[in-house]
Amino acid sequence: MKTQLAAALLASGVSATFVHLDANQVAFQSEQSASLEEKWDGLWPFQGINTFAHLDHHKCLLDPETPYDVALIGVPFDTAVSYRPGARFGPRAIRAASQRQTSLRGYNQRANFNPYQSWAKVIDCGDIPVTPVDNSVAFLQMTEAFKELISERKSVDSTSVPPRYVALGGDHSILLPHMRALHKIYGRLNVIHFDAHLDTWAPDKYPSFWHSDQSEINHGSMLWKAHEEGLTTRHNVHAGLRTKLSGLEDYEDDDTQHFLRIHADDIWLKGPEYVVKQILDTVPADTPTYISVDVDVLDPAFTSGTGTQEPGGWLPRELIHILRSIEGLTVVGGDVVEVSPAYDNAEITSTNGAQIAYELITSMVKKGKIDPSLVARELI
Ligand SMILES: [Mn+2]
């Protein structure tokens, strides 16, 4: 039996030295000398409780003293959608799809950088508890949570710069509470908005006789609301557009909100470098910038699991290339939204969502610490 085992192991390339040891003897020796961490802390990617990329989990809202530099925060909210609901399950799906990201296998070859083994402490802050039965309460909860997460705590290495977040949605309206909190720190923000849709629609573009304050905010009007509230600059970009419109007057409304529009077809008709140049020519590199990625910017072939599909979208490799090409911008926050796993096939959408979050984290850590002069004076 032992000879057969040796022959099989040799055939598989295992060294002869190992083959000569008795299997029980190896186990015994290892038990005598190894620490608990050596023996039991080596989970395979498919094992363990799912945090994003196996990062340490802290309930950051319950523990304001936990220091960190960049964090993931789940926002399981989807009651502002106009079509297919289900993105409340996005954060847990993205976390499950992120399991092949680990600090040991976290090196991003496109960026030549491992965001999980650098200066920044990167953690998973869990989810914001959001009610699914009252949107006015939900937006209050999300806004207060983001304010607490960002305003009330300091990052590890700096007393003057708050930590940064990549939010895992949730429908796209979660951008608004995130930007409200960031605005209190940095003032107006440039927005780079990867999406098939404009999301700058005024609420009356959704035809309904019935109206209330909370019906102003939905996942197609939150950028309009952000502009109304003075959260955005004049240097904003939509990228990947191919939405159907009410008419060209939608673009006139969009113009008043100071967005440059890059259409989905531009990436193959004019090329990826055209898209990169348009973004970099519009967004000043050293001013606070928010990157929001609706996964429906990708073609439905890669995003069955989303709420409002639009045929003719980008390839994942194209989106990744664009994100890598704008990594020099000053990203103070971002999100990945509209992953809706009930419609997803074979975790394709959620795996793309996890990759996008990884690219955003890579950019935020690679760029380095935020310049304290960007933080509003009275907050230092
Ligand atoms: Mn959107």
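Select N135, A138, F139, M142, A145, F146, L149 and I150: these are the buried residues of α6. They cover an arc of only 130 degrees around the axis, so they sit on the same side of α6. The arc is taken from the directions that run from the helix axis to the C-beta atoms. A residue is buried if 20 or more other C-beta atoms lie within 10 Å of its own, exposed if 12 or fewer, and partly exposed in between, with C-beta atoms placed from the backbone. An α-helix has 3.6 residues a turn, so residues three or four places apart point the same way.

Before moving on, note the ground rules. This is a predicted model: local features need pLDDT of at least 70, side-chain atom pairs count only at pLDDT 80 or more, and totals for chains, interfaces and linings use all residues. Numbering starts from 1 along each chain as its sequence is written.

**Stay on α6**

Show residues 135–151 as a cartoon; this is helix α6. Helices (H or I, at least four residues) and strands (E, at least two) are DSSP runs, numbered from the N terminus. The 17 residues of α6 should span 24 Å at 1.5 Å a residue, and the end C-alpha atoms are 23 Å apart, which agrees. The expected span is 1.5 Å times one less than the number of residues.

**The annotated site**

Zoom on H172. It lies in the loop between β3 (164–169) and α7 (175–186). H172 counts as buried because it has 31 C-beta neighbours inside 10 Å. Beyond four places in sequence, H172 touches D199, H219, M222, D294, V337 and E338. Contact means that two C-beta atoms, placed from the backbone, lie within 7 Å.

Move to D296, in the loop between β7 (289–294) and α12 (316–325). D296 has 27 C-beta neighbours inside 10 Å, so it is buried. Its contacts beyond four places in sequence include D195, A196, T308 and E338.

Follow that contact to A196. This residue is in the loop between β4 (190–194) and α8 (222–228). A196 is buried, with 30 C-beta neighbours inside 10 Å. Leaving aside neighbours within four places, the contacts of A196 include G240, R242, A264, D296 and G313.

**A partly exposed stop**

Is H258 buried or partly exposed? With 17 C-beta neighbours inside 10 Å, H258 counts as partly exposed. Find it in the loop between α9 (249–256) and β6 (259–263). Beyond four places in sequence, H258 touches R234 and N236.

**Zoom out**

Colour by domain: the assignment gives domain 1 (2–40) and domain 2 (52–379). Their centres, taken over C-alpha atoms, are 48 Å apart. Such bounds come from an automatic or database domain assignment.

Finally, colour by pLDDT, the predictor's confidence in each residue, from 0 to 100. The protein averages 91, and 90% of the residues score at least 70. Over residues 1–19, pLDDT stays under 50, and the model has 6 contacts there beyond four places in sequence. Where pLDDT is low, the predicted coordinates should not be read in detail.
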